[in-house]
Amino acid sequence: MPFVNAANIAKEYDVIVVGSGAAGGQTAYTLCMEGAKVLMLEAGRHYSPGTETPMFQTPDMAPLRGAGTPHKPFGFYDATIDGGWSVPGEPYTQTTEAPSGRFDWWRARMLGGRTNHWGRLSFRNGPYDFKPHVRDGLGFDWPIGYEDVAPYYDKVERLIGVYGSNEGLENTPDSPAGCLLPPPAPLVSDLLIRQRAKTLGIPVVAAHRAVLTQQLDFKRSPALLHPGNHKAQEILARHMRQRAACLWATPCGRGCSVRANYQSTTVHLPPALDTGNLDIVTDAMVSEVLMGKYGSAQGVKFIDKVSGAERVASARVVVLAASACETARILLNSKSAGFPQGLANSSGKVGRYLMDTVGSTLQAQIPLLESLPAMNEDAAGGDQVYSPWWLYREQRAGKLDFARGYHIEMGGGRNMPGAGTLDGLEWLTAGSYGKKFKEDARRYYGSFVHFEGRGEMIPNDQAYCEIDSSTKDRWGIPVLRFHWQWSQHELRQAVHMQKTFADIVGAMGGRVKGGGPITDGAQAIAPGGHIIHEVGGTIMGADRTSSVTDSWCQTWDVKNLFVTDGGVFASNADKNPTLTIMALAWRASDRILDLMRRKEL
Amino acid sequence: MDRRDTLKWILAASASPLLQRQALGGGQAAGTPALRGGAEQGTGYGSDPDMLKRYKAGEVWPLVLAPAQRRTVTALCDLIIPADDYSPGASAVGVVDFIDEWVSAPYPRQQQDRTLIEQGLVWLDAESRQRFTAEFAAAKPADQAALCDDICDPARAKEPFATAARFFARFRDLTAGGFYTTPVGFKDLGYVGNVPLPKFEGPPLDVLRKLNLSA
């Protein structure tokens, strides 16, 4: 009985996992495959990509031709349900309305969480990224290095399937043979960007994305991932065979009914359920961690959203994987006589050092790409190429006015036309209408490119969340209040992104849209929370006075309480966080299994 | 309505960042939404709509444009996207229903557009009557074009046409959005995707050669 009613959970589990996204999915997968009995609690509803994904639906079938609304911010067909920057009945508060001081919090209340819609970009942190303080004196070093995490990156890449290439670039790790799938062919616009960026010394290489460009290696990988565990190998091999390769159509953000990309609901949860070791309760909103005797967590309290009843679940170990901010919220709301400022918070650092990614965007029109013949450029449903950060030497030489790097996500192509694809064409057409407009539309469609900078934010004391006890959500749980501030490093980095993008556009003979590049950092940078790379808030460290967990994601204060989501990130490298979240979750799960076998948990 | 009256709706239709913020943001008080994010009356399709179903304009929220307004919308969208050798005109593929659906939607961005579009339609007919003694839909094609020439480019439109030019630009966006998201529009633009392929080969060689690119 894998999906269970809140009233029918077992009396005791080995591990409770709160959350079902990248962190919860990986944690439950690793634990269940190795025999632990796990209860997963998910605040959103059950969601089944096999039957619910709008794979080939076209905009004319949707309200508003699929345009984004507050109910579906990324468009009608985005996989996210019951999610977005606002969730009905679940508010959060700000200390200011000023854009520079806000953090807008994206949540997805559904099985699989944000993994259903994400961009699938899957980059490894490099060696520098775990030791940033040593290099420039800013932020914090992690208590672990690349060599500690590398074996887990290998495992996750083999398990979920990631395409990409090994380029031997600085702080941009190669994967061992057999880990990566071949990258897809670049589009015309990708090749033109690559050709022209090269003249500026900017590398453009294959992106790494969790999309199956071919079937996974179901013959070799199961034995490598679960040595000596024949049951796990058999289950995994079966699921790897069932996952189809990409069919080169439909954007990945819709999810994938044939399981050709990674989402927790198609990759982590099905094999975990097949072990018989996993119970999942959806619509289960965890409000706090309950403490038992001897300073150990006894379980969690949750609200069954279907009946409204409050319930308790018990286990030997509690893992929070609810998203960085939700995990901090649960800990801060878990107050007791022994923990008056919230659980695992003797350092006072729960909620602190909240980070997002520095984001800046530029769009351009490229005359060379006008009036190309019709060709299918749906490709892998997301980025084929990207530019890893390339100015390490200049930064070391003090030639840049900001610390830390960024990568560039980029693309163009003849994508499926949406409600806004040809918006605002008058900057190119002098306001044409009639037959001339139709000619212009044919000419310019497919001639646009976009650049998105994704840069490292350094943790600071002014970016954090805390409990706003004056506001409760519809379940009666006190909500989060956000504080936010960028430093000059982030603002200057955003300006540098803009200039770089404009330089590339110039080298392509193109025109920047909207009068850019933007030279004011506050205008160039996306507001806090908008890149949806929320990490920090329960950072790991070498010292219990300045961090919330140790190097194994185990909280310093409560030994059977772990955090496996992005909360433990001590820095937020430009590399998108999801792959690292999964690698750390697998590593923490191995630790939990080891401690349970040794009866230390 | 004379041109001075249009000043009133310049203010009414001006972009409202506050409205956008409210749509995006946290911080609002907890409401009493249905568990499944279901749409309440007049609040949109909710946060958990059926994505597999085919929707028709007017199905999720009622359409608000009156017959006279739809007449003007029809004339203007067919002026912007008329039939030509490659494809039919805008109204033939449901663009009028789409624009009606858009301005009828209960979301902040669409409500803003509704003000701009409704006032713009009033202005268009008033201007047409004043110049040609006929409402816009009944005016001669050459007269319609003469009027549109004054408002088709926000960058060049002179006072007193600046606001009308903003209306026209948005209306053109909506017309294009409605037209090019249909099978007819896909074909017109040369969008040939959304079909499963056994393999993705990358760009055709002749395109690479034309641009002097190597794969």
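Visitor: What does the secondary structure of chain A come to?

Guide: The secondary structure of chain A comes to 17 helices and 22 strands, where helices (H or I, at least four residues) and strands (E, at least two) are DSSP runs numbered from the N terminus. This is a predicted model, in which local features need pLDDT of at least 70 and side-chain atom pairs count only at pLDDT 80 or more, while totals for chains, interfaces and linings use all residues. Residues are numbered from 1 along each chain as its sequence is written, and chains are lettered from A and ligands numbered from 1 in the order in which they are written.

Visitor: How is burial read, and what percentage of the residues in chain A is buried?

Guide: A residue is buried if 20 or more other C-beta atoms, placed from the backbone, lie within 10 Å of its own, exposed if 12 or fewer, and partly exposed in between. By that count, buried residues make up 61% of the 601 residues in chain A, whose C-alpha trace spans about 75 × 50 × 45 Å along its principal axes.

Visitor: Which strand of chain A is joined to E10 (residues 284-291), and do they run parallel or antiparallel?

Guide: Two strands pair if DSSP finds at least two bridges between them. Here 7 bridges join E10(A) to strand E11 (residues 297-304) of chain A, and the two run antiparallel; one of the bridges links Ala284(A) with Asp304(A). The two strands form a hairpin with 5 residues between them, and Tyr294(A) in the turn has a positive phi of about 60°.

Visitor: How many residues does each chain give to the contact between A and B?

Guide: Two residues are in contact if their C-beta atoms, placed from the backbone, lie within 7 Å. The contact takes 68 residues from chain B and 77 residues from chain A. On the side of chain B that touches chain A, the largest share, 7 residues, comes from H7(B). The residues of that side divide into 40 nonpolar, 18 polar and 10 charged, with Ala, Val, Leu, Ile, Met, Phe, Trp, Tyr, Cys and Pro counted as nonpolar, Asp, Glu, Lys and Arg as charged, and the others, Gly among them, as polar.

Visitor: Why is H4(B) described as largely enclosed by the rest of the structure?

Guide: H4(B) is largely enclosed because 8 of its 10 residues are buried. Among them are Phe98(B), Ile99(B) and Trp102(B), and the buried residues of H4(B) pack against H3, helix H5 (108-132) and H7 of chain B.
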